[in-house]
Amino acid sequence: MNPGFLFQGERLFLLPSGALWWPGAATLIFADLHLGKAERMARRGGAVLPPYEVHDTLRRMEADIALTAPRLVICLGDSLDDDAAIAGLSPSEAQRLRDLTLRIDWIWIAGNHDPAPSGLGGRSADAASIGPLTFRHIATPDASGEVSGHYHPKARLALRGRSVSRPCLLHDRDRVILPAYGTYTGGLDWTAPVLAGLFPTGGCAILTGPTPHAVPIPCTSRSRRASA
Amino acid sequence: MTLPTRFQQWFSERGWHIHPHQQEMIDRAADPALLLIAPTGGGKTLAGFLPSLIELADGMHEGLHTLYISPLKALAADIRRNLTTPVTAMQLPIRIEDRTGDTSATRKKAQRADPPHILLTTPESLALLTSYEDAPRLFSTLSRVVIDEIHALAENKRGDQLMLAMSRVQAMAPGLRRVGLSATVEDPPAIARYLARHPDPCRIVMADPGPDPDISILRVEEPPPWAGAGGSHAIPAVLEQIRRHKTTLIFHNTRAQAEIFFHNLWLANEDDLPIGIHHGSLSREQRERVERAMVAGELRAIVCTSSLDLGIDWGDVDLVIQIGAPKQVKRLVQRIGRANHRYNAPSKALLVPANRFEVVECEAALQAVRERDLDGEPRGPGPLDVLCQHIAIRAASGPFTATGLFAEVRTVGAYAGLTRAAFDDCLDFVATGGYALRAYDRWQRLIERDGVWSLRDPRAARRIRMNIGTIMDTDMLKVRLKSRGTGQPLGDIEEGFATTLMPGDTFLFGGKVVRFETLKEMTVEVTRQGNKEPRIATYIGMKIATSIQLSQRILRMFAQPDWPSLPAHTRDWLHLQRSRSRLPEADRILVETFPHDGRHHTCIYGFAGRNAMQTLGLLITRRMELSGLHPTGFVASDYAILVFSLEPVTDPAPLFDSAGLRDGFDTWLGGNAVMKRTFKYSATIAGLIDRNVAGPRRTGRQATFSADILYDTLMKYDPDHLLLRITRQEAQRGLVDFQRIEGMLERTAGRIDHVTLDRVTPLAAPMFLERGYVPVEGAATERLLADAAQRLMDAAGLDLDPATEGRLFRMAGPDATGAVRNAP
């Protein structure tokens with residue numbers, strides 16, 4: 001049972017994969033794909049990671065798109081791990097992306113890793129507003145009705161002597177922060193001061209995974225200090 | 001070689017005589033490899049160093065002459081102090097320095113430019129030294145290497161790394177002679193093969209083992225409890241022993257047990273006897289304080305773990321107490337050796353069984369010690385993850401040829417049988433990642449030009465150097481006292497434990513009760529909690545499995561008609577088990593099924609050791625699940641598993657079908673957390689995952705992602721990748737220990753005794769008290785999460801804004817996909 005949640009009068013659904021589905025606007029939202037992360041690490045002399053991450057992320061996107069049949073897809077920035085990552089995509093991977101952007105209205109929001117993804121079809125924008133909602137990469141302090149990514153929030157719960165840690169969505173009345181969608185992405189603990197600062201009066205987390213469990217964001221003493 | 005006059009004088013001034021084994025080490029100083037086996041206190045270190053001191057006495061040698069390697073930093077510092085005494089007394093022109101992770105960068109640089117005659121170091125520091133381009137200059141003058149506590153190194157990957165580094169050093173110093181110093185071990189020739197350059201011979205010098213230890217089981221009035229491992233019932237008797245002796249070492253098998261025991265000991269310590277605690281999780285400052293107090297003779301007892309297993313000289317220890325079953329006879333003997341560091345004085349030791357079953361186990365261990373029947377498992381061929389790291393280190397030091405490096409690696413005993421194909425796999429992994437899908441070839445780490453391999457980007461050498469080593473401490477988090485500035489460091493705890501703590505939880509650390517406040521990045525902040533009772537009494541510690549030999553001995557004891565040597569309570573218990581059910585036998589598997597508390601129970605006695613029994617529990621419950629028996633969970637001990645299920649097991653034989661178990665190991669177990677942890681270890685050693693990153697640690701950990709993601713990705717897209725093959729191989733031992741399940745199946749060859757009863761049996765009863773209940777995974781996790789989420793939402797409900805927005809909706813309608821599909 002996916003209960004979804006109401007945000008600015010719109011009902012939104014976090015899919016098990018971490019994508020956000022907005023049926024009211026037939027819009028599917030992905031945050032922080034970080035395509036090409038493995039290639040970038042290798043290029044910079046770091047570890048040579050298993051080169052299956054672009055394929056895996058695309059496969060999951062394709063499945064979510066097939067499930068929801070969106071009219072519009074919004075990628076909330078950091079879609080490519082950096083500018084040079086486009087060149088690192090294999091021809092078939094780039095073609096798979098172009099097939100999608102050809103078929104569906106597609107907005108690439110600029111991120112801090114990828115100012116202007118180009119050559120993959122779709123439109124580029126620094127931010128986008130649709131109805132009551134505004135989509136951008138990094139949350140702004142006094143926004144309302146804002147949907148963003150960037151922080152890769154991750155929830156951690158202690159369950160009878162063991163702990164479960166999963167990427168999660170965070171929201172209150174004013175903003176939604178999506179989990180990172182890319183296969184090779186880590187997470188920032190939901191109690192991190194920077195996140196607490198964005199939810200000064202507390203908020204709710206929804207976990208990715210088979211069931212979208214909703215949990216309050218734990219309060220920390222420094223929750224009033226915002227620093228984004 | 002005879003002992004020079006100066007040395008003879010020094011010996012006689014002290015009223016000492018040279019021991020026969022010391023003389024033999026001098027006589028055979030020219031041998032390419034020598035292994036000395038001597039009990040603690042047998043002048044072992046001096047025996048190892050005498051030939052070097054003699055050779056260096058004339059002051060003619062330029063540069064590095066002798067390399068001393070020990071598994072402990074502290075031991076290197078200790079030996080430097082001990083060696084300085086004769087060198088100063090005989091006025092020998094010899095410079096001795098140590099070099100460990102604690103040595104300053106300036107000092108290290110100076111050592112490379114102007115090396116001492118004798119350098120004392122650790123395997124990791126040595127590997128690092130070989131990674132520099134100027135290594136050949138440093139090692140060209142090297143003549144001898146002395147490897148101390150070689151038995152401790154020979155049983156793990158640190159030792160494999162050491163011998164690979166030695167092959168490198170030997171190539172730079174062709175005349176190098178190797179000396180190994182070892183405590184008593186079960187298979188000296190195996191250690192000799194490990195030490196020597198393959199196929200060099202290696203002479204084994206045996207010192208007089210000294211008198212038999214005086215070892216017995218501590219008499220305690222109160223019978224031990226049915227389960228548990230703390231030994232707290234014996235506190236008064238242990239205190240009495242401390243009073244009667246000068247200095248007592250009290251060994252525990254885990255850090256958690258040491259903490260709890262120390263806490264209880266302290267509460268009962270009415271005479272205020274000075275007692276300290278020492279284990280590997282405590283901060284260096286804390287440990288050093290205890291060590292200093294010990295050397296100064298200020299402590300009457302130290303509660304400790306394996307952190308004191310190795311041979312630092314602590315002075316006047318006259319009693320060793322082992323709390324809990326020693327699990328391995330060899331380990332027990334080495335611990336006993338810590339008492340009475342004087343040659344030819346018997347060591348005195350007392351065993352304290354912590355529960356009823358351990359009474360049997362301690363008795364079996366005692367018999368084994370008397371019969372000098374040590375245990376141990378032969379190690380398999382050299383692990384490939386360590387080889388991958390070695391290849392990277394080799395690349396950091398400069399260009400190399402594959403053929404040359406392969407030949408060098410094969411001179412290491414453990415890698416003597418390495419095939420060229422396996423070596424090439426490792427080389428390919430280091431160079432390109434070794435994936436089935438050849439991607440980003442432009443960015444591979446090593447490139448080959450005209451048959452010579454080198455780093456694509458020389459700057460990568462820094463990254464390789466920063467990640468040298470095979471010790472896994474990546475899962476540890478620092479513990480600090482919370483304060484305004486930087487709090488006082490207390491030590492480390494496992495990340496796995498830290499993440500289960502909620503603010504306000506209390507636990508024991510360093511003998512004190514602390515309260516968990518916050519987890520800030522990589523640091524656990526705590527506050528002192530006075531004498532409050534710790535709510536969470538324990539933290540996860542290393543679980544040592546009982547050795548096969550000791551398990552077999554216990555099974556042989558079970559076959560006796562009676563047990564006159566056992567205390568009455570334990571003897572009656574075994575007799576009762578025999579009359580109600582039967583006692584487990586060596587070549588059969590005993591399965592008891594009985595109802596209890598409204599559920600069905602199956603107790604399986606496999607005696608395969610804790611890790612293997614836990615794996616067996618995972619595999620058996622999986623098979624029960626498939627047969628519709630609805631297992632809900634199980635507990636495992638060293639000798640049995642107790643499975644809880646909704647339906648009874650009526651025919652256990654099919655559960656043990658070896659092909660089925662093996663299939664489960666290959667497929668289903670692949671998704672298990674233990675396999676993922678095994679992968680993480682190997683992937684870190686092999687260099688896929690960095691343990692240290694250049695520059696300051698990133699705040700938050702957004703940038704890094706877990707090893708589990710890499711594991712899942714490889715399982716999905718590249719199941720034959722080298723690292724997965726290594727992981728499956730590693731799972732044969734260690735945490736998964738599938739090898740011992742195989743051994744158990746082979747030994748029992750389908751002979752399964754099934755006893756159906758109407759109630760719990762005497763031998764199964766303690767299993768109900770075992771810790772570490774493992775719920776059957778799958779639906780259970782989601783249910784637990786749902787419960788926890790509900791609880792938290794309810795608790796927070798009042799704080800949430802009453803407006804509808806921003807609040808969770810609980811829809812009774814269609815499920816996720818339904819809701820999505822019906823949307824406009």
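User: Which residue stands opposite Phe251(B) in strand 12 of chain B?

Analyst: Strands are DSSP runs (E, at least two residues), as helices are (H or I, at least four), numbered from the N terminus. Two strands pair if DSSP finds at least two bridges between them. Here Gln322(B) in strand 12 stands opposite Phe251(B); strand 12 (residues 319-323) and strand 9 of chain B pair in the parallel sense over 4 bridges. This is a predicted model, where local features need pLDDT of at least 70 and side-chain atom pairs pLDDT 80 or more, while totals for chains, interfaces and linings use all residues. Residues are numbered from 1 along each chain as written, chains are lettered from A and ligands numbered from 1 in written order, and side-chain values use heavy atoms, without hydrogens or water.

User: Which way do the residues of strand 9 point, and are they buried or exposed?

Analyst: Buried means under 20% relative accessible area, exposed over 50%, and partly exposed in between (1.4 Å probe, protein chains only). Thr248(B) and Ile250(B) point one way, Leu249(B) and Phe251(B) the other way, and all are buried. Strand 9 also pairs with strand 11 (residues 301-304) of chain B, in the parallel sense over 4 bridges, and there Ile302(B) is the bridge partner of Leu249(B).
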